[in-house]
Amino acid sequence: MNLFGKKSYFSIDATEKTKRSNDKRKPKREPSIPDGMWIKCNTCKAIIYKKEVTEYKLCPNCDAHFRMSPSERIAITCDEGTFEEFDADMGTANPMDYPDYEKVIEKARDKSGIREGVVTGRCKIHGYDTVMAIMDSHFMMGSMGSVVGEKVTRAVEYATEHRLPIIIFTTSGGARMQEGIISLMQMAKVSEALGRHDEAGLLYVTVLTDPTTGGVTASFAMLGDIILSEPKALIGFAGQRVIKGTIHQELPEGFQRAEFQLEHGFVDRIVHREKLRKELGKILQLHCQKESEEME
């Protein structure tokens with residue numbers, strides 16, 4: 001036996017290294033997180049467990065008011081089971097032959113769960129009858145097309161005919177460009193209907209929610225006898241970048257937010273979402289008392 005021959009050594013780490021090498025070749029499994037379990041607050045940037053958000057859809061960290069669907073708005077505003085929808089089957093045409101407009105509408109319907117960008121109907125709030133229209137930012141950013149204008153106009157005309165107040169929750173990116181001049185015509189049509197409602201001595205309340213901009217702001221959103229707003233809602237006509245680029249000046253802090261608009265007289269009151277139903281009930285109560293006294 002050659003005791004002085006070349007020796008071979010076995011590394012006890014060799015097996016572990018081989019195992020690690022093989023593990024690297026295997027595709028890594030990402031942790032599985034169910035869709036919709038977490039949401040991000042765009043105000044404070046916090047990641048929030050969805051079950052922490054109540055039916056009022058408020059950020060538990062900073063109290064930011066998240067955007068709501070019409071069904072969610074109805075649930076926290078109307079007396080339970082009293083909402084009767086108008087014109088639920090009204091659908092959109094393509095008046096300007098805009099390319100693939102039908103596909104855009106179909107995608108918006110799938111995302112929002114409604115046929116068009118506004119839901120209208122009759123309901124009770126604290127026992128008082130009223131007509132209500134709720135715009136939806138999930139449907140093409142609440143843009144105002146021919147159907148939105150027609151549904152809101154019909155709701156106003158119904159309120160006038162039945163001598164009822166009307167409440168409109170606004171949210172919109174403005175007139176719908178795919179419908180061109182037909183969309184812009186809705187500004188005048190809705191405003192004219194509201195003028196007849198006003199001549200009849202009836203109440204119109206607007207609730208401005210985030211965002212209310214463009215042609216909706218330039219027409220029926222700012223025509224309310226009483227104009228309420230949710231906290232920190234963006235309210236304006238043109239965007240801040242457009243205004244800044246036009247006047248070549250720095251804009252004030254908080255420009256176009258509800259608090260800025262309240263300070264400058266464009267909004268009557270900012271109401272927290274949890275208190276809004278009660279506030280609307282008080283307004284309707286005062287209106288009904290006034291109308292009753294006038295009829296005596």
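A salt bridge here is a side-chain nitrogen of Lys or Arg within 4 Å of a carboxyl oxygen of Asp or Glu. The model is predicted: local features need pLDDT of at least 70, side-chain atom pairs count only at pLDDT 80 or more, and totals for chains, interfaces and linings use all residues. Residues are numbered from 1 along each chain as its sequence is written, and side-chain values use heavy atoms, with hydrogens and water left out.

**Salt bridges**

The whole structure holds 18 salt bridges.

| Pair | N to O distance |
|---|---|
| Glu 192 and Arg 196 | 3.4 Å |
| Glu 230 and Arg 73 | 2.7 Å |
| Asp 100 and Lys 103 | 4.0 Å |

Glu 192 and Arg 196 both sit in helix α5 (residues 180-199). They are 4 residues apart, so about one helical turn separates them. Helices are DSSP runs (H or I, at least four residues) and strands likewise (E, at least two), numbered from the N terminus.

Glu 192 is partly exposed at 47% relative accessibility. Arg 196 is also partly exposed, at 36%. The cut-offs are under 20% relative accessible area for buried, over 50% for exposed, and partly exposed in between (1.4 Å probe, protein chains only).

Glu 230 and Arg 73 are both buried.

Asp 100 is partly exposed at 48%.

A network of salt bridges links Asp 87, Glu 150, Arg 154 and Lys 189.
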